[in-house]
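User: I would like to learn how to read the packing and backbone features of a model. Can we go through them one at a time?

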Amino acid sequence: MSAAETLQIACPHCHAINRVPGARLHESPVCGRCKSRLFAGAPFALDTVHFDVHASRSDIPLLVDFWAPWCGPCRTMAPAYEQAARLLEPRLHLAKVDTEAQPSLGARFGIRSIPTLVLFHHGRELARQSGAMPMQGIVQWARQHLPS
Ligand code: ZN
């Protein structure tokens, strides 16, 4: 992405679309509506209602961790995923979908095992990977599949 470009970024807190100049992505931009930071350095929980605004309308890719509270490997990977957010933002957003609370999203994307990471951009699936990964593995895998 070029620094002169203006990007549409969906707010992780209130889900409003914000227009942010590419050059200001690294300056901790805040949401025009709710004043929350657009990049909080942590994954955010995403539900069925707000999924598409982040996966389709946002100009930055969205990495989603499909998980469930009863899944041991998911809980093991959670701190690594948190740390990965600090390294990968603002190049992309990281979200978590609880497949038990949001079963329609798990069904829509054919999630058969958890944890599964899926990278989305402009409504398209760029890559997916099942199984728990360490922080470095998550970061490398995501960077490898980001659109140029
Ligand atoms: Zn907001």
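User: Which residues have the most contacts inside the largest nonpolar core?

Analyst: A nonpolar core is a set of buried Ala, Val, Leu, Ile, Met, Phe, Trp, Tyr and Cys residues joined through side-chain atoms within 4.5 Å. Buried means under 20% relative accessible area, exposed over 50%, and partly exposed in between, with a 1.4 Å probe and protein chains only. Here the largest core has 19 residues, and L63, L88, L94, L117, I138 and W141 have the most contacts inside it. At least two residues each come from α2, β6 and α4. The largest share, six residues, is supplied by α2. Another core, of 14 residues, lies apart from it and includes F44, F66, L105 and F109.

This is a predicted model: local features need pLDDT of at least 70, side-chain atom pairs count only at pLDDT 80 or more, and totals for chains, interfaces and linings use all residues. Residues are numbered from 1 along each chain as its sequence is written, and side-chain values use heavy atoms, with hydrogens and water left out.

User: What is L63 in contact with, leaving aside neighbours within four places in sequence?

Analyst: Contact means heavy atoms within 4.5 Å. For L63 the list is Y81, L88, L92, H93, L94, A95, L117, V118, L119, I138, W141 and A142.

User: At what angle do α2 and α4 pack?

Analyst: Start with the terms. Helices (H or I, at least four residues) and strands (E, at least two) are DSSP runs, numbered from the N terminus. Axes are lines fitted to C-alpha atoms, for helices over the stretch in contact, and angles run from 0 to 180 degrees between N-to-C directions. Now the case. Helix α2 (residues 72–88) packs on helix α4 (residues 135–145) at about 50°, and their axes are 8 Å apart. The two are therefore oblique to each other. Angles under 35 degrees count as roughly parallel, over 145 as roughly antiparallel, 65 to 115 as roughly perpendicular, and the rest as oblique.

User: Which residues make the contact?

Analyst: From α2 come M77, A80, Y81, Q83, A84, L87 and L88; from α4 come M135, I138, V139, A142 and R143. They divide into 10 nonpolar, one polar and one charged. Ala, Val, Leu, Ile, Met, Phe, Trp, Tyr, Cys and Pro count as nonpolar, Asp, Glu, Lys and Arg as charged, and the others, Gly among them, as polar.

User: What do the buried residues of α4 pack against?

Analyst: The buried residues are M135, G137, I138, V139, W141 and A142. They pack against β4 (62–67), α2, β6 (116–121) and β7 (124–130).

User: Is T99 buried or exposed?

Analyst: T99 is buried, at 17% relative accessible area. T99 sits in the loop between β5 (93–98) and α3 (103–108).

User: Now the backbone. Which peptide bond involving P90 is cis?

Analyst: Most residues other than glycine have a negative phi, and most peptide bonds are trans. The bond from E89 to P90 is cis, with omega near 0°. P90 is in the loop between α2 and β5. Another cis bond joins I114 and P115, with omega about 0°. P115 belongs to the loop between α3 and β6.

User: What is the phi of K35?

Analyst: K35 has a phi near 65°, positive in a residue other than glycine. K35 counts as exposed, at 58% relative accessibility. H122 also has a positive phi, about 50°, and is not a glycine. H122 is partly exposed, with a relative accessible area of 43%.
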